[in-house]
Amino acid sequence: MGHRAAIVGAGHTRFGALNEGPRALLRSAVDAAFASVDRGAEPSDVEAAFLATLGFGGWQIGNSAAVLGEEAGITGVPATRVENACASGGFALRAAVEAVASGASELVLVAGVEKMTDVPNARRRYWLGVSGDTEWERLAGLTFAGVYGLIASRYLYEHHLGPEALAAVAVKNHENGALNPNAHFRKPVRPEQVASAPRVADPLGLYDCCPVSDGAAAVLVVPADRARRFTDTPVYVDGLGASSDYLAVQERPSLTQFAASRRAAEQAFRSAGCERSTVSFLEVHDCFTIAELLALEDLGFAAPGEAGRMTLAGDTRRTGRLPVNPDGGLKAKGHPIGATGVGQAYEAFCQLRGAAGERQVPGASRALTHNVGGAGATATVTIYAAG
Amino acid sequence: MRELLRAGAYCPGGTDGSHSPSPDEDTFTMAATAIERAVVGFPVDPFPLGIDLLGEFPPSMEWALPAVVGAPVHLLRSAASARGLVDALHRATEGGDGAVLVVAMDGRPRFGNSGAVAFLFRESDGGPLSGAFEEVLDEGSAVEAAFSLYHAHGAGTSGTRWVGDWDAVARSGEVPAPSSTTVGPERATEGVSQGAYVPRARYLENLPSRWRFAAERCTGCGTVSFPTRGKCRNCGRRDALVPVDLPRDGALVVATTVIGAGGQPAEFDAQVEAQGPYEVVLAELAPGARVTLQLTDAVPGQVRIGDRVDTRLRRLYAMEGEWRYGRKAVPRALTAPT
């Protein structure tokens with residue numbers, strides 16, 4: 001099977017309510033990615049660029065990939081915006097890996113950005129809402145929180161679990177976020193705080209939801225056989241999987257399984273040729289606490305209903321049997337839509353090089369990232385190995 | 001001659017039993033519910049269907065009646081008095097082609113006369129009720145006269161089925177306060193420009209699926225496709241589809257959530273401000289056909305997974321200066337026997 005591509009540099013801004021606009025955020029993330037390349041890489045060597053963003057900041061809806069070129073100093077290369085809502089980053093990374101694996105390009109820049117806090121609250125809800133189904137879910141009065149609220153109600157019902165299984169995800173991810181200098185939330189929370197928070201979409205409360213964040217992330221992707229020109233410690237991309245599903249959850253046979261995640265995971269493991277038992281940690285798409293439980297099951301790391309129990313037992317803590325979201329996840333690190341999937345790749349890059357600081361997963365040698373668009377309409381799974 | 005085949009009645013229920021219309025009801029939704037009770041399961045041929053409207057009915061909703069009945073319609077307007085109803089019923093029994101609906105509605109939030117009735121007439125050799133209409137003539141409204149007709153003749157009318165709330169409404173009594181504040185379209189439109197802009201043309205595009213649960217069944221593999229896309233969602237065949245309306249009542253709740261604390265889309269802000277949190281359910285209409293519905297006439301959290309709900313056409317929210325309508329779920333326990 002072997003390596004499909006390698007990541008030789010990665011950059012990440014803080015995620016949170018930031019003063020910087022999307023251009024400045026992109027510039028910071030891209031500059032940091034170039035600066036992280038051990039033997040150096042020049043913007044002039046970049047042959048293609050992919051920008052993951054939902055709406056950039058609301059004021060540059062079209063052609064925002066050209067702005068990435070400007071801010072990265074690579075004006076002139078083919079630049080493409082990739083938009084699959086919250087999975088934009090994962091799909092942009094996939095496009096870059098395929099570009100180098102096919103021989104089309106030798107150095108590809110992937111960046112993701114979102115500027116969410118400039119936008120008035122009602123417009124932001126509009127913005128996020130129209131990535132979901134607008135004819136059925138939206139007209140019934142649901143945003144994504146509501147759709148995931150439906151999913152959570154079904155999950156707890158099917159598996160005879162209480163909301164404490166959801167709260168355990170929030171507590172664990174806040175604990176990890178507290179160790180991550182880039183995280184939006186750096187304070188631990190107690191289960192009672194999660195339980196007593198206002199109900200946004202029962203059984204989901206405020207602490208079951210990821211925050212609205214600004215931020216950017218960038219990675220540099222090269223063909224696997226060129227990786228060592230840039231660094232002695234590249235991070236290889238070994239497995240790629242992606243899939244899609246009906247937009248509205250009402251059209252899917254199951255509420256508690258995302259078929260797109262399942263298909264993406266099967267593809268990724270097949271292409272990587274590795275077993276699940278060899279994965280050191282997971283970065284999963286926990287836009288809401290319930291989403292992390294579904295992810296563990298869809299990715300094949302827990303039997304149906306077991307993810308809740310695993311989380312309550314502490315198995316998914318950073319020091320547990322299978323660390324999940326050591327960077328704090330979307331829940332605590334934040335969720336600047338287009339940046340999220342690229343930020344997951346950044347975390348894989350840091351962890352597999354042993355450079356994740358306080359939040360380092362000891363001995364991490366293989367990572368999996370999982371990026372979901374909306375409530376499972378699109379999904380990518382990527383498997384990485386330390387060089 | 002035509003014969004009175006079926007009569008449907010709808011009276012507002014409300015959570016407090018006051019029979020006041022809910023904030024999401026108006027004469028259009030009440031008439032639509034009465035019409036459904038008169039025509040669902042009774043395909044009327046040949047089309048078009050004549051509809052005689054008695055009462056204050058939003059003129060902007062006349063275009064919507066074909067989507068309610070699933071057929072082209074010819075519209076008439078008659079006076080909403082008892083006399084007007086009797087005249088309309090007589091006219092309906094007289095000759096002419098096709099079927100006729102006589103629909104009376106009254107939206108005043110008053111105990112006893114708020115509601116709608118729909119009489120479905122079909123061609124026959126002679127109407128059993130044709131001589132009885134005069135006997136109920138009094139000074140009241142068309143809706144009150146319709147209930148008089150039921151109480152005088154309803155149970156004993158051979159060949160006519162009386163469906164809905166015919167027994168549920170008292171005919172006189174106190175006038176209770178409306179159960180909650182009604183948000184008018186002007187008010188509900190404020191701030192909505194920041195919400196999901198669903199242009200009128202897009203809103204109209206899939207009305208049959210959203211209002212009648214119009215679906216397609218594949219005669220090749222048996223799969224029901226909902227909403228419709230012109231091909232079977234299982235086998236992809238385009239040449240083996242037959243239209244089928246899925247049941248509007250008795251849907252099984254498979255998931256539920258209560259939206260509050262800012263979890264609503266911006267276009268529902270006015271509703272939340274006026275009425276507080278609301279419940280949304282995912283309900284199964286038929287195997288493989290599920291729909292997302294807001295719950296109404298209920299306390300949020302009242303409906304649980306495993307319960308059954310009925311569905312009604314109600315106001316969703318206002319946009320472009322008019323109400324947008326769609327089906328909502330109501331708890332089964334509160335619905336009138338049919």
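## A close look at chain A

Tutor: Let's start with A:P203, which sits in the loop of chain A that runs between strand 5 (199–202) and strand 6 (204–205). Keep in mind that this is a predicted model. The peptide bond leading from A:D202 into A:P203 is cis, and its omega is near 10°.

A:H160, which is not a glycine, has a positive phi, near 55°. You will find A:H160 in the loop between helix 5 and helix 6 (164–177) of chain A. A:H160 counts as exposed because it has 8 C-beta neighbours inside 10 Å, and the cut-off for exposed is 12 or fewer. A:N325 also has a positive phi without being glycine, here near 60°. Its loop lies between helix 10 (306–312) and helix 11 (329–333) of chain A. A:N325 has 28 C-beta neighbours inside 10 Å, so it counts as buried.

Now for the packing. In chain A, the axes of helix 5 (residues 144–158) and helix 9 (residues 289–298) come within 9 Å and cross at roughly 55°. Helix 5 and helix 9 of chain A are therefore oblique to each other, and helix 5 passes helix 9 in a left-handed crossing. On the helix 5 side, A:Y148, A:I151, A:A152 and A:Y155 meet A:I290, A:A291 and A:L293 of helix 9. Sorted by class, this contact has 7 nonpolar residues, no polar and no charged ones.

Key:
Residues numbered from 1 in each chain as written. Chains lettered and ligands numbered in written order. Predicted model: local features only at pLDDT ≥ 70, side-chain atom pairs only at ≥ 80, totals over all residues. Axes fitted to C-alpha atoms, helices over the stretch in contact; angles between N-to-C directions. Helix = DSSP H or I, 4+ residues; strand = E, 2+ residues; numbered from the N terminus. Parallel < 35°, antiparallel > 145°, perpendicular 65-115°, else oblique. Left-handed = near helix turned anticlockwise from the far one by under 90°. Contact = placed C-beta atoms within 7 Å. Nonpolar A, V, L, I, M, F, W, Y, C, P; charged D, E, K, R; others polar. Buried ≥ 20, exposed ≤ 12 C-beta atoms within 10 Å, placed from the backbone.
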